[in-house]
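Please read the following note beside the displayed sequence and model.

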Amino acid sequence: MSRLPSLYISHGSPMTALHPGLVGERLAALAARLPRPRAIVMASAHWLTHQPAVGGHAQPPTLHDFGGFPQALFDLQYPAPGEPALAQEVAQRLGAAGLPAAIDPQRGLDHGAWVPLRFLYPQADIPVVPLAIQPLLGPAHQLALGRALAPLREQGVLLIGSGSITHNLHDWRSYADGKEAPYVRPFIEWVEQRLAADDSAALIDYRRQAPHAVQAHPSDEHLQPLHFAMGAAGGEALGAQRIDAGIDAGFLAMDIYRFDGADAQQRAA
């Protein structure tokens with residue numbers, strides 16, 4: 001079985017589900033280039049816990065974890081099955097790495113999971129196991145979560161971190177008519193450069209080193225899934241490939257990253 005990459009996906013607003021725009025096209029094209037996974041482990045910025053947790057529901061419900069949107073959005077479902085046995089394996093691997101994890105048998109798929117999955121795998125026929133992140137424990141912790149689960153890539157499991165490469169909701173409705181928040185491009189360019197250089201140390205320390213870091217992420221739960229995906233690349237060589245999916249509403253950069261790790265050199269050869 002081919003080793004899968006790990007992914008970081010900027011999921012944007014819940015309305016992406018109804019108006020996917022460029023990110024929907026990019027996700028569909030990405031899925032077409034990937035071997036079909038047997039299962040997905042999805043670390044979302046919208047499941048936050050103090051300690052690691054894994055979703056063990058056999059048929060995770062679609063969570064509409066938002067308000068004030070059109071009824072059409074609440075009517076959408078993503079009825080992918082879960083995989084309790086894989087959830088148990090995820091918890092065991094995390095525990096073996098010194099990251100003991102609880103299994104939540106009731107957890108469903110929040111919009112950070114099901115919105116992008118609608119465009120990656122619209123048939124909703126691949127099992128999905130949700131994974132919580134722990135933003136209070138910092139980026140290095142999320143990197144460790146990813147590294148603990150990296151061997152699953154060789155078993156046909158697609159490891160995905162879902163957040164947003166920039167995410168400052170204070171700027172909602174502040175930029176219109178094609179205007180962009182001035183911090184967005186310097187920040188995403190810095191991230192791209194550091195990833196290309198395999199500079200995990202700088203990316204862990206991004207709040208001090210990246211330009212406009214606090215403006216781009218007043219709180220950093222939407223960037224830390226990137227660190228999970230970096231860890232899931234499996235080593236020091238990240239093999240990062242940026243997929244530009246535009247900037248939504250002038251402040252939400254929709255970058256997608258594919259991490260092939262050491263396999264990236266083989267793919268390029």
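1. The expected span of a helix is 1.5 Å times one less than its number of residues; helices are DSSP runs of H or I of at least four residues, numbered from the N terminus. Helix α6 (residues 184–196) has 13 residues and should therefore span 18 Å, in agreement with the 18 Å between its end C-alpha atoms.

2. The model is predicted: local features need pLDDT of at least 70 and side-chain atom pairs pLDDT 80 or more, while totals for chains, interfaces and linings use all residues. Residues are numbered from 1 along each chain as its sequence is written, and side-chain values use heavy atoms, without hydrogens and water.

3. In α6, Val 184, Phe 187, Ile 188, Trp 190, Val 191 and Leu 195 are buried (under 20% relative accessible area, 1.4 Å probe, protein chains only). These residues cover an arc of only 155 degrees around the axis, which puts them on the same side of α6; the arc is that of the directions from the helix axis to the C-beta atoms. Just after α6, Asp 198 has a positive phi of about 55 degrees.

4. Arg 93 belongs to helix α3 (residues 84–96). Its relative accessible area is 24%, so Arg 93 is partly exposed (between the buried limit and the exposed one, over 50%). Although 55 residues apart in sequence, Arg 93 and Ala 148 lie 6.2 Å apart, C-alpha to C-alpha. Leaving aside residues up to four places away in sequence, Arg 93 touches Ala 148, Leu 149, Pro 151, Leu 152 and Gln 155 (heavy atoms within 4.5 Å).

How values were computed:
Helix = DSSP H or I, 4+ residues; strand = E, 2+ residues; numbered from the N terminus.
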